[in-house]
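Visitor: I have a model open on my screen and would like a friendly walk through it. Could you take my questions one by one?

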Amino acid sequence: MQVKSRHHLRSDDIDAIREAVADHLGVDIDGDAFELVEFVDADYELVLVDGDPAVFYVDDDEPFLTVRGANDYEPETGVVTVDAGAISFVSDGADVMRPGIVEADPAIREGDLVVIAEETHEKVLAVGRALVDGDEMAGESGKVVSSIHHVGDELYEFSA
């Protein structure tokens, strides 16, 4: 991933990021330095919080925690929990299927960004977009979350 530009964010941009992440996931991002990183050939922008890749912009205007950011800040809402059998698939970037879901936040609405965590250690494995409401996620068959970013992908491996 080739960096196109990198610059510190203004306080109003930082406030907007903090507010959006708090609304989506119920967490407060605390940091002293917020830097925006733009890439030459990537569909997203990254925000480094104190040098760590904590937030990325999905569809240009929607800030959301990265997998690493979600593991650092532990989301309280917007979480889909999968069983041990789904871990290897989700970690490789597969979409989330109903049979692997143990629990989903009932406040999730179709189209929302969500974090996918594993049930044993509650570690976040991926970030995706909900294809159905949270209370419809568990079941026998069908895709319910489209994966956007996962453990081991380029964004996860990026270091400043």
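Predicted model: local features only at pLDDT ≥ 70, side-chain atom pairs only at ≥ 80, totals over all residues.

Visitor: How many bridges pair strand S3 with S4, and what stands opposite Val47?
Guide: Strand S3 covers residues 45–49 and pairs with S4 in the antiparallel sense. The pairing runs over five bridges.

Visitor: Which residue in S5 is the bridge partner of Val55?
Guide: S4 is also joined to strand S5 (residues 62–65). These two strands run antiparallel, with four bridges between them. In S5, the partner of Val55 is Leu65.

Visitor: How many residues of strand S4 are buried?
Guide: Strand S4 spans residues 52–58 and is mostly covered. Of its seven residues, the number buried is six.

Visitor: Let's turn to helix H1. What span should its 15 residues have, and how far apart are its end C-alpha atoms?
Guide: Helix H1 takes in residues 11–25. The expected span is 1.5 Å times one less than the number of residues, so the 15 residues of H1 should span 21 Å. The distance between the end C-alpha atoms agrees, at 21 Å.

Visitor: Which residues of H1 are buried, and what arc do they cover around the axis?
Guide: The buried residues in H1 are Ile14, Ile17, Ala20, Val21 and Leu25. An α-helix has 3.6 residues a turn, so residues three or four places apart point the same way.

Visitor: Which exposed residues sit on the face of H1 turned away from its buried side?
Guide: The buried side of H1 is covered by elements including strand S2 (34–39), S3, S4, S5 and S9. The face turned away from that side carries the exposed residues Ser11, Glu19 and Asp23.

Visitor: What follows H1, and what is its phi?
Guide: The residue after H1 is Gly26. Its phi is positive, near 70°.

Visitor: Where are the edges of the open sheet of six strands?
Guide: The open sheet has the order S7-S11-S10-S9-S6-S8, with mixed pairing. Each edge strand pairs on one side only. The edges are strand S7 (96–97) and strand S8 (101–104).

Visitor: Which residue in S8 is the bridge partner of Thr81?
Guide: Strand S6 (residues 79–82) and S8 pair in the antiparallel sense. There are three bridges between them. The partner of Thr81 in S8 is Glu103.

Visitor: On to charges. How many salt bridges are there, and what is the N to O distance for Asp12 and Arg10?
Guide: A side-chain nitrogen of Lys or Arg has to be within 4 Å of a carboxyl oxygen of Asp or Glu, and by that rule the count is five. Asp12 is partly exposed at 41% relative accessible area, whereas Arg10 counts as exposed at 53%. The side chains of Asp12 and Arg10 meet at 3.0 Å.

Visitor: How many residues apart are Arg129 and Glu62?
Guide: The side chains of Arg129 and Glu62 meet in a salt bridge at 3.4 Å, N to O. The pair links distant parts of the chain: Arg129 is in strand S10 (residues 124–130) and Glu62 in strand S5. Their separation is 67 residues.

Visitor: And which residue forms a salt bridge with Asp133?
Guide: The closest N and O atoms of this pair are 3.8 Å apart. Asp133 lies in the loop between S10 and strand S11 (143–150) and its partner in the loop between S8 and strand S9 (113–118), so the pair ties together parts that are 24 residues apart in sequence. The partner of Asp133 is Arg109.

How values were computed
Residues numbered from 1 in each chain as written. Heavy atoms only, no water. Buried < 20%, exposed > 50% of the residue type's maximum accessible area, 1.4 Å probe, protein only. Pairing = 2+ DSSP bridges. Contact = heavy atoms within 4.5 Å.
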